Amino acid sequence: MAAYRADDDYDYLFKLVLIGDSGVGKSNLLSRFAKNEFNLESKSTIGVEFATRSIRVDDKIVKAQIWDTAGQERYRAITSAYYRGAVGALLVYDTSRHVTFENVERWLKELRAHTDSNIVIMLVGNKADLRHLRAVPTEEAKAFAEKENTYFMETSALEALNVETAFTEVLTQIHHVVSRKALDAGDDPLGLPKGQTINVGSKDDVSAVKKVGCCSA
Amino acid sequence: MVKKRLPDWLNSPMWSSPTVTTSPPPKSRSLSPPPPPPSSSNDDRYGIGSYPSKSSSVTSSDSSLNEPHVPLPPPTSIKQEPTPKTRIRDSSTRSVNSDNDVSSSIEDVSRQAQLLEEIINIGELRQLCLLGIPDAAGIRSTVWKLLLAYLPTDKGLWSSELAKKRAQYKQFKENLLMNPTSFSMILNVSVASQSEITRTFEVSASLKNGDLSEGKGLLERSKIPHGEHPLSLGKTSIWNQFFQDSEIIEQIDRDVKRTHPDIPFFSGDSASSKANQESLKNILIIFAKLNPGIRYVQGMNELLAPLFYVFRNDPNEDSLVNAEADTFFCFVELISGFRDNFCQQLDNSIVGIRSTISRLSQLLKQHDEELWRHLEVNPQFYAFRWITLLLTQEFNFSDSLHIWDALLSDPEGPQETLLRVCCAMLILVRRRLLAGDFTANLKLLQSYPSTNVSQLLYLSNKLRSC
C-alpha cells in the first residue's frame, strides 16, 4: 500500500503496545490512529494485531509500530512476548464501565513486570463519547494517573477525539526519553549514533527490522 | 525418494500471485498448473466421490511432488454408481447460493456422501469429504454430525440417539441457565460441587428463616457459613463463583455480539439474528459451567459459529429446530480435540498452544526450509490466531466452511490437518514472504490475502507426511 511506502524512511522506530480489558476499544483506537477508520462492530482480537504509522516528532520522523493484544486474562501469558521491546504503552479502559478502570492496576503491574522502567505509559479513558453512561469520573482517573506517574487522556475512537493527540504525546515523550538518554550518555558522545531505534528491552522482536541499535546497554 | 525438499513447482507463480477469484468453480482452468491437479475433464474433480484418497496417493507411486495426482474412481460401494448429474457436486461445493438443480440431485449427493446407506462407513465418508462437502441440501449438516461422532454410523440409531441428546441439552438449559439473580443459578454454578453448595445454601436459608421468625429482621453475622458472604475473597465462596460467572457471561455476551458482524445471520436487529445470538450465548454459558477448568475463552464463539450456521440452515425441519442442542454437543466434540490450546495452564507444556505453534514451524522447515529460514517473524504473531480459531478469521465465511470440511474429515485428525493447511498458507505466499521484510510479512500474514481455497487444500494434501 502506498501509504506505507514512506514508512521506510524514519529516524526512530518505537514499539508501542495497547493493553486493557476486553471490549474497551483498543482495536478501534489503533485503526483510528493507523488508518483513520472506526468499526462499530469489530471482531474481538485474538492473539495480536499490528499496525504502523509514521509521524513527525520535533524534527524527526518517528515510525510507531503498534501492537494490539487480546484483552482476556487467558491470553496474557501468551501475550507476554508482545511486551518485549516496547517503549510505550497505552493502557486503555472504558469510561462507561468502571470495572475496566478497576482492572487498570493489574494491567499496570503486568506491564511493569514485562518492560523496562523507562517505558512511557499513558492511561487512556476511551469511549468518552458515551457521556450519558459515564461511570469513571475524569478526576478519579486523573488522580490515579498522577499517583502512578503515568500520562492520562480521555479519548473517543468513534468521534476521533484525542486519539491523534494521545499517540503523538506518547511518541513525543518517548523521543524525549531517548534524547535525554543521549545526553546522559555524554561521557562518550559517539555512544549513540543518530538515526537508531531505541531499544530498552533485551533482544527484542523489533530487532528484526532494519536500523536497529541499542542505546540502553 | 526425493531428497530435495523444495521442488521447483513451489516457485511457480501459481502459489504467489494472489488469486482474486475468491469463489470460482474449482475447475482446472482457474488453477493453471504446474502441478496440474487431478484432471477434471469429467468435471467432478472436487466432487466428494472422486478425490484420490490418502491411500491412493501413497500407492500411486507419487513419491515426487512434481507428479500430479491421478484421480481414482470413487471408492466402491454398492450404492455409489456414478450418476450423470455429477456437476451439481462440483458447482455446489463452491457457493452457498448455487442451488440450481439441487432438488433433483439431493439423492445423488446423499448417495455420494453415503447418507443413504444404513450403516455408514465413516472411513469412506472421510475420504469423500476431504476436498469439500456440497453446500446444498443439508449434506454438510449431516456429514459434520457424523464426522464429529454426534450421529452414530448406524442410521437406525439416529432418532433415539438424537432424542436422548436433545433431552439432555434441555436438562442442561433448565439447570444452568437460570435468572442470574436467583439463588438457583448460584446453586448450580458448578455441577461437580452442586450438592455441597445446595446443602450450604439450605443451611443458610434455614438460618435466615429462623432469624426472621424471631422478629429480628437481621441476619446474625456469626451464623453465616464461614466464607459464604458476598465480600468473601475465598476461591471456594459461592459468591465469588457468582461474580466470576457474571463476568464470564458479560464476556460471552460481548463476544457473541461481535461474532461475524458482517453476516446478517449472526448480527443486526432482526428477530432471527437475535435468536441466533441467544443460542450461541446459551451454548457458551452451558459449556463454561460444565467445564470449570476451561470455562469461556475468547475465540470459542468463532468456533461455535460455523457449526451453528450449518445446522441452523439444514433444510430438514427437525434438524433446524434442534440446531442449538445439536450444535452444543458437536461443539464439545470439536473443542475436545483443541481444548489444550485454550488452556492457559498448558501454554508451556508439550500439548499447549506454544508447542502446537512450534510444530507448525517444524512442518514448514520440513517442507520449505528456505522459507522457514527467511521468516523471521515469530510465528506466535500470526499462527496463534490461525490455530486457535481454526482459520475462521483468515478467510471469508463460506471458504472457512470448506476448510472445516477438510479439518473434520481428514483421517489424520483436525489438529494435524490444521497444521498442514497453515503450512500450505505460508507456502502459497512464499514469494511475497521471501521478498518482504518483518513489517510487510507480519502484515501479510495477519491479513491473509484472499485465496482459492481448493488450491490451498490441494497443496495441503500434498504436504501429507511422507
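This is a predicted model: local features need pLDDT of at least 70, side-chain atom pairs count only at pLDDT 80 or more; totals for chains, interfaces and linings use all residues.
Residues are numbered from 1 along each chain as its sequence is written, chains are lettered from A and ligands numbered from 1 in the order in which they are written, and side-chain values use heavy atoms, with hydrogens and water left out.

Let me start with chain A. Its secondary structure comprises seven helices and six strands, where helices (H or I, at least four residues) and strands (E, at least two) are DSSP runs numbered from the N terminus. Along the sequence, the pattern reads α-β-α-β-β-α-β-α-α-β-α-β-α. Of the 217 residues in chain A, 56% are buried; buried means under 20% relative accessible area, exposed over 50%, and partly exposed in between, with a 1.4 Å probe and protein chains only. Among the contacts in chain A with a separation of 6 or more, 72% are between residues 24 or more positions apart; a contact means heavy atoms within 4.5 Å.

I turn now to the sheet. Six strands of chain A form an open sheet with mixed pairing, in the order E2-E3-E1-E4-E5-E6. Two strands count as paired if DSSP finds at least two bridges between them. At the edges are strand E2 (48-57) and strand E6 (151-154) of chain A, each of which pairs on one side only. From one strand to the next, the twist averages 25 degrees. Helix H7 (residues 163-184) of chain A packs on this sheet and touches E1, E2, strand E3 (60-69), E4, E5 and E6 of chain A; its direction makes about 130 degrees with that of E1(A). Such axes are lines fitted to C-alpha atoms, for helices over the stretch in contact, and the angles run from 0 to 180 degrees between N-to-C directions.

Why is strand E4 of chain A described as largely enclosed by the rest of the structure? Seven of the seven residues of this strand (residues 88-94) are buried, so it is given that description. Gly88(A), Leu90(A), Val92(A) and Asp94(A) cover one side, and Ala89(A), Leu91(A) and Tyr93(A) the other, all of them buried. E4(A) pairs in the parallel sense with strand E1 (residues 12-19) of chain A over four bridges, and Leu16(A) stands opposite Gly88(A). E4(A) also pairs in the parallel sense with strand E5 (residues 120-126) of chain A, over seven bridges; there, Met122(A) is the bridge partner of Leu90(A).

Next, the cores. A nonpolar core is a set of buried Ala, Val, Leu, Ile, Met, Phe, Trp, Tyr and Cys residues joined through side-chain atoms within 4.5 Å. The largest one has 128 residues, of which Trp144(B), Met300(B) and Phe331(B) touch the most other members. Helix H20 (residues 414-428) of chain B supplies its largest share, 10 residues. Apart from this core lies another of 31 residues, including Phe33(A), Val57(A), Ala157(A) and Leu171(A).

Finally, the aromatic rings. Rings of Phe, Tyr and Trp (its six-membered ring) pair if their centres lie within 6.5 Å; planes under 30 degrees apart count as stacked, over 60 as edge-to-face and the rest as tilted. By this rule there are 24 aromatic pairs over all chains. In one of them, the ring centres of Phe50(A) and Trp67(A) are 4.9 Å apart and the planes stand at 75 degrees, so the pair is edge-to-face. Phe50(A) lies in strand E2 and Trp67(A) in strand E3 of chain A, so the pair ties together parts 17 residues apart in sequence. Phe50(A), at 9% relative accessibility, counts as buried, as does Trp67(A) at 0%. Tyr309(B) and Phe397(B) form an edge-to-face pair as well, with 4.8 Å centre to centre and 85 degrees between the planes.

Phe50(A) and Trp67(A) also belong to one aromatic cluster with Tyr82(A), Phe381(B) and Phe438(B).
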